Structures are given as structure tokens and as C-alpha cells.
Amino acid sequence: MELQDMKNRAAVVGVGYTAEQGTVPGRSALSFAMEATKNAIEDAGLKKDDIDGLLIQPVIGMQSYTVASYLGFDNLKLLANEDVMGASGACLAIHAALAVASGQVNYVLCLYGTNGKSGRGGPAGPGAGGGGPPRIVGTNAAYGLFGASAEYALAASRGMHVLGTGPETWADIAINQRKWANLNPRATFYKKTMNREEYYAEPWIAEPLRRADCCLVSDGGRAYIVTTAERARDLKQPPVYIAGMGQNHHTADIAQNIHTTGPTGAQKSGEAAFKMAGITTKEIDACEIYDCFTYTVEITLQSYGFFKPGEGKDFFKNGRTAPGGEFPVNTSGGLLSEVYYMGFTPFTEGVAQLRGQCGDRQINDPHFILSSSNGGILQTHGTVILTNEDVGNHIKE
Amino acid sequence: MTQGAGPMNRGGGPMGPGGGPPRGGPGGPSVVTAPQQQGYAKPLPGIDEENKPFWDYAKKHELRMQKCLQCGKIYYPPSSLCPHCHSWQGSEWVKLSGKGQVYSFIVARRATNPAFAKEVPYVVAIIETEEGGRLISNVVGCKPEDVKIGMPVEVLFDDVTEEVTLPKFKPAS
Ligand SMILES: [Zn+2]
């Protein structure tokens with residue numbers, strides 16, 4: 001089998017949100033995951049016992065089988081915690097697509113839940129420990145280097161030096177996404193605007209990154225269901241097919257990582273995804289990019305080839321990626337301004353846009369949306385190209 | 001916890017050096033309760049079986065990294081397996097010149113950990129040594145605004161406790 005044979009073989013058929021998201025005290029990560037699960041199954045028009053695969057982003061903090069038992073899934077054919085961290089949104093979908101296409105399973109639920117904002121010890125968010133084993137994290141702490149924000153700031157600082165971007169560029173990215181969040185009733189920053197002066201007035205988290213460059217820390221959950229294209233056509237929602245997919249994990253910790261100014265894992269995973277989908281960057285109508293930090297958006301889009309190194313400082317100007325702009329990016333507000341649910345935030349937004357269910361922030365008639373996720377400090381990366389075009393390999397069968 | 005014997009430090013807590021009484025659990029805010037007689041409240045490096053030689057040499061004021069006996073490449077962080085050629089034949093801890101340059105840096109302007117409150121603003125950098133190995137350290141001996149990427153630096157050794165010495169870097173003379 002060629003990778004191209006996987007084009008449009010799998011589809012996303014259910015998305016589950018939690019009724020409340022952002023700051024929701026008094027609940028466990030598991031409770032959010034359970035609510036998202038129930039809502040995803042209802043959204044797809046399925047029943048609990050249809051689910052025969054479960055892939056979990058392990059920030060819930062339990063063994064996979066314990067989560068499954070609380071959900072009452074007692075006859076699964078696929079079960080795993082997958083710890084590529086932020087890259088989960090795309091990487092779990094890729095695993096699920098392969099599993100349903102092979103016939104191993106029929107419906108795979110991919111699941112995320114966190115109480116990282118209000119709970120104890122939730123490892124999600126920019127204050128969490130950065131990449132690497134405890135001995136690396138501990139050594140970094142001895143030098144006063146704490147958490148993913150500071151480690152990403154090391155990548156961003158190098159990026160300023162090599163690429164000529166910096167706060168001027170990142171302000172555009174943050175403000176453009178804030179404008180999308182202003183249109184999204186689920187978003188933490190719904191109706192809460194930010195202008196350039198307010199961006200520059202934000203406190204330093206780790207210079208050169210200000211607070212507005214950093215993702216939120218959020219409570220809540222998100223889930224989605226993957227099945228075959230054939231099954232998807234008979235279900236409740238308009239199918240959203242996986243047209244292309246790829247992974248690329250560079251893995252090295254921040255001190256050893258030679259990819260922090262690009263190309264990141266976006267490049268090779270993107271090449272695989274575009275090849276499978278049979279399209280180029282020109283066919284992409286919008287991007288839902290993993291945006292743990294503003295710099296991540298810049299370096300990810302550059303690595304996909306949407307602009308060349310050195311062109312980033314002009315790319316985001318004049319609201320190009322904002323509502324009404326020619327190149328929509330992170331239309332929910334993203335991790336910066338909607339909620340931080342790792343790769344699940346950008347992935348599920350891509351599905352919602354292609355279904356045409358995004359209300360005031362709906363983009364005009366999209367056909368292909370690229371969604372990325374990356375984890376660690378640019379150490380893991382997954383890419384999925386989603387489409388609502390009902391053409392592809394499943395038609396031939 | 002066993003002092004100095006295992007990768008228990010989760011990023012916030014003290015990793016005790018050999019000897020002395022236990023100093024609390026492996027995680028979180030216990031760092032602020034480090035004993036006064038120690039006089040040093042900041043986290044200490046997570047020292048384990050594989051990186052112990054690095055810290056033992058640092059205590060002797062030597063900056064050393066592993067050089068693979070098979071492929072000859074320098075690698076860091078310390079490991080039993082050469083990540084370049086997968087040689088299991090071992091390595092030589094070669095002494096580095098102590099000279100290098102700033103590959104990247106940040107300025108910490110708020111104390112994420114209260115033990116650093118008196119230090120802010122301070123510089124955390126990725127140092128690329130002359131020999132090619134890279135490590136996280138601090139740039140000291142100049143103002144944060146004077147630090148630049150590519151700036152030549154040289155090592156100095158900060159004996160932060162009786163047991164632990166942190167290699168740091170200052171502008172090259
Ligand atoms: Zn070797």
C-alpha cells in the first residue's frame with residue numbers, strides 16, 4: 001500500500017466539547033474527558049458501544065484502561081495513552097485513521113481532558129515542565145530555566161537572530177488570533193480585544209516572550225471520533241475526510257535541537273501530507289496551527305513552505321491571518337486566545353470549519369484545511385490535511 | 001529520598017548532594033525549605049548514574065563532555081549510548097577548552113521560582129562550546145542587555161554548595 005492510498009479513507013465524524021471551558025474549578029481532568037466523550041458520541045449519532053478504539057492524550061493522568069473503565073468501554077480492540085504531548089491532535093488522528101483503514105477497528109475515540117488551570121498538578125500549559133527527562137529538567141532548573149515558556153523563548157530568541165522577526169511579527173500573530181477569538185463564544189477571549197499597545201504592555205514571561213505570546217492554561221476537554229469514509233457517509237454530521245497526514249519527530253531537547261529556526265518537523269510531515277493529499281500549499285484555505293507560542297505559528301508556517309525564511313516579518317501584517325484576511329490562521333482564537341487543549345484545539349476547529357458550523361467566525365466555503373500539532377519544545381510534530389470534498393479513494397471501492 | 005542517587009528531581013525540588021539529611025520530596029515547592037545552613041535555596045542539578053561524572057569534574061573545576069571512542073563525536077547530555085553511532089564501546093570524558101559562544105539566550109525578568117528573586121533579571125543561555133557540545137548555563141559578569149547571540153564566552157565555576165559546582169559563562173577576556 002502507498003501512503004496516497006490512504007487519502008480520504010478515514011473521516012472525522014464526531015466532535016465533543018465541554019459545556020464550560022477555560023476556568024472551571026472543582027472538577028477532575030477525567031470528568032472533562034467523560035463529558036467530551038459523551039458529547040462526541042452524540043454529535044456523531046453513535047451509541048456508546050459503537051466505540052471500539054480509544055486513544056488518549058495522557059495528561060488526564062491515568063492508565064489508558066482506567067480511563068476506559070470509567071467510560072464503560074469494556075470491549076475495545078485498540079487502546080493506548082500516546083504521549084507525544086502537544087502533537088496529540090494530529091498524531092492520534094493519524095493512528096486512528098490507519099487503524100480504521102486496516103479494519104482493526106470501526107470507531108476510534110481520541111480524547112483529551114485537563115484541569116490544568118484550576119486543579120492540582122495539571123501538567124498542561126506554559127508553566128509546565130519543559131521537554132526531557134527529570135535530570136535535564138532538574139539541571140535546567142539549577143540555572144533558573146523553568147518550563148516550556150522559557151525553553152520556547154530560547155528558540156524564539158534564536159529565531160529573532162536568524163530570521164529577523166521578533167515582537168513586531170509576534171504582535172501581529174497574537175492580535176490576529178485575538179480577533180478570531182472575539183468572534184468565538186467558547187473562547188476565553190470572546191469579545192475581549194487586544195491592540196498593539198496592549199500587546200507591548202503585557203508582562204515578560206521570559207524575554208523575548210511576553211504573556212500575550214504564550215498560550216492559555218485551561219480547564220476542560222475535547223474529543224473526536226475517526227471512522228472509515230464509508231461509515232462516515234451514513235452518519236449524522238457532514239463527513240470531514242483525512243486527505244493527507246504525516247509525522248516527523250526531531251526529539252532533541254532545547255540545548256541540542258538544531259531545528260528551532262526551521263525547518264521543524266512541520267517540513268517533512270507536511271511534505272508527506274501534501275503528497276498524500278495530492279495538493280500544494282496553494283490549495284489550503286486556512287490553517288489551524290498549534291500555537292503554544294506566537295513564535296511557533298511563525299516557524300511552523302515557514303517550515304510548511306507558506307513563506308520563505310526571512311519573509312516572516314511581513315507575512316502576518318495588515319490582518320492577513322485575521323478575520324477577513326486572505327489567509328485565515330487559527331480561526332477559533334487558538335491556544336493563545338481560545339483554550340489550551342494541546343493539539344485538540346486546532347484539530348477540532350479544522351473539522352468544525354469544514355462542516356460549516358462556526359457561526360460568526362465561519363470562513364467562506366473552505367475545502368482544505370491544514371492542522372498541525374507539535375509537542376515538547378519543537379520535539380514532536382504531526383500534520384493532517386482535512387477536507388470536505390467527497391472525492392478520493394473511497395469512491396473507487 | 002536517597003541523596004544524589006537517581007533521577008528524582010522533577011524540576012522544582014532540590015536534588016540533594018551526597019551526605020546530609022534528607023531534604024524533602026522530589027517535587028515542587030520544597031525548594032524554598034532548603035536548610036539554612038546550606039545557605040543555598042536554589043534547585044540543584046538532577047544527578048544520576050549517567051551524568052555524575054560531568055558534575056564530579058565540574059566540582060574539580062573542569063568542563064568535560066563525553067567523546068565517543070568509536071565515531072569521535074562529542075555528545076551531551078551524558079549517556080551510556082552514543083546517539084550518533086550507537087556505539088556501546090564507551091566514551092572518553094575529554095576536557096574542553098571552556099571557550100564557546102552564546103547560541104541563544106533569554107532574560108528572566110521575573111522569578112518563576114522564588115529562590116531566584118534576588119537574581120532577576122538574569123540570563124539563561126544555550127552555550128555552544130568550541131568543541132561543538134552544547135549546554136544550558138547562565139551568562140554572568142555583564143548586564144543582560146549586553147548579551148548577544150554569537151558573543152564569545154568562557155567558563156567559570158560557581159561552587160554553589162560544598163558538593164555542587166555549576167559551570168557558568170562570562171564574556172571572553
Ligand atoms: Zn559514536
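**Interchain contacts, salt bridges and the zinc site**

In the predicted model, Arg109(B) has a relative accessible area of 36% and is therefore partly exposed. This value falls between the limits of 20% for buried and 50% for exposed residues. Side chains of opposite charge can pair when their charged atoms come close. Arg109(B) has such a partner in Glu207(A), with which it forms a salt bridge. The closest N and O atoms of Arg109(B) and Glu207(A) are 2.4 Å apart, and the limit for a salt bridge is 4 Å. Over all chains, the count of salt bridges comes to 21. The pair formed by Arg109(B) and Glu207(A) crosses between chains. On the side of chain B, Arg109(B) lies in the loop between β4 (99-108) and β5 (122-129). On the side of chain A, Glu207(A) lies in the loop between β5 and β6 (209-210).

The size of an interface is often given as the accessible area lost when the parts come together. For chain A and chain B, the area buried between them is about 3000 Å². Carbon and sulfur atoms account for 58% of this area. In terms of residues, 31 from chain A are in contact with 39 from chain B. The number of salt bridges between chain A and chain B is one. Polar contacts across this interface, counted with both residues at pLDDT 80 or more, join 13 residue pairs. On the side of chain A that touches chain B, the elements giving two or more residues are α4 (134-142), α5 (147-163) and β5 (204-206) of chain A. Of these, α4(A) supplies the largest share of that side, with nine residues.

Further salt bridges are found within each chain. In chain B, the side chains of Glu128(B) and Arg134(B) meet in a salt bridge with an N to O distance of 3.1 Å. Glu128(B) is partly exposed because its relative accessibility is 22%, whereas Arg134(B), at 7%, counts as buried. Lys168(B) forms a salt bridge with Asp158(B), and the closest N and O atoms are 2.9 Å apart. Lys168(B) belongs to strand β8 (residues 165-171) of chain B and Asp158(B) to strand β7 (residues 152-159) of chain B, so this pair ties together parts that are ten residues apart in sequence. Lys168(B) counts as buried because its relative accessibility is 11%. Asp158(B), with a relative accessible area of 28%, is partly exposed. In chain A, a network of salt bridges links Glu168(A), Asp172(A) and Arg196(A).

Chain B also provides the protein donors of the zinc ion. These donors are the SG atoms of Cys68(B), Cys71(B), Cys82(B) and Cys85(B), which lie 2.3 to 2.4 Å from the ion. Along the chain, the donors follow the spacing C-x2-C-x10-C-x2-C. The angles subtended by the four donor atoms around the zinc ion are 104 to 114°, and the arrangement is therefore tetrahedral. For four donors to count as tetrahedral, all angles must lie between 85 and 135 degrees. Two of the donor residues are described here by their accessibility. Cys82(B) counts as buried because its relative accessibility is 1%, whereas Cys85(B), at 26%, counts as partly exposed. Pro83(B) is found in the loop between β2 (74-75) and β3 (91-95) of chain B. Its relative accessible area is 53%, so Pro83(B) is exposed.

In chain A, Asp291(A) lies in the loop between β9 (286-288) and α10 (294-304). Asp291(A) counts as buried because its relative accessibility is 0%. When residues up to four places away in sequence are not counted, Asp291(A) touches Gln177(A), Cys215(A), Val297(A), Asn330(A), Gly333(A), Gly334(A), Leu335(A) and Leu336(A). With Gln177(A), the side chain of Asp291(A) makes a polar contact of 2.6 Å. Asp291(A) and Lys191(A) are 100 residues apart in sequence, and their C-alpha atoms are 20 Å apart in space.

How values were computed
Residues numbered from 1 in each chain as written. Chains lettered and ligands numbered in written order. Predicted model: local features only at pLDDT ≥ 70, side-chain atom pairs only at ≥ 80, totals over all residues. Heavy atoms only, no water. Donors = N, O, S within 2.8 Å, 3.2 Å for Na, K, Ca; no water. Tetrahedral: all angles 85-135°; square planar, octahedral: opposite > 155°, others 65-115°. Buried < 20%, exposed > 50% of the residue type's maximum accessible area, 1.4 Å probe, protein only. Contact = heavy atoms within 4.5 Å. Buried area = accessible area lost by both parts, 1.4 Å probe. Polar contact = N/O pair within 3.5 Å; in protein donor to acceptor, adjacent residues only side chain to side chain. Helix = DSSP H or I, 4+ residues; strand = E, 2+ residues; numbered from the N terminus.
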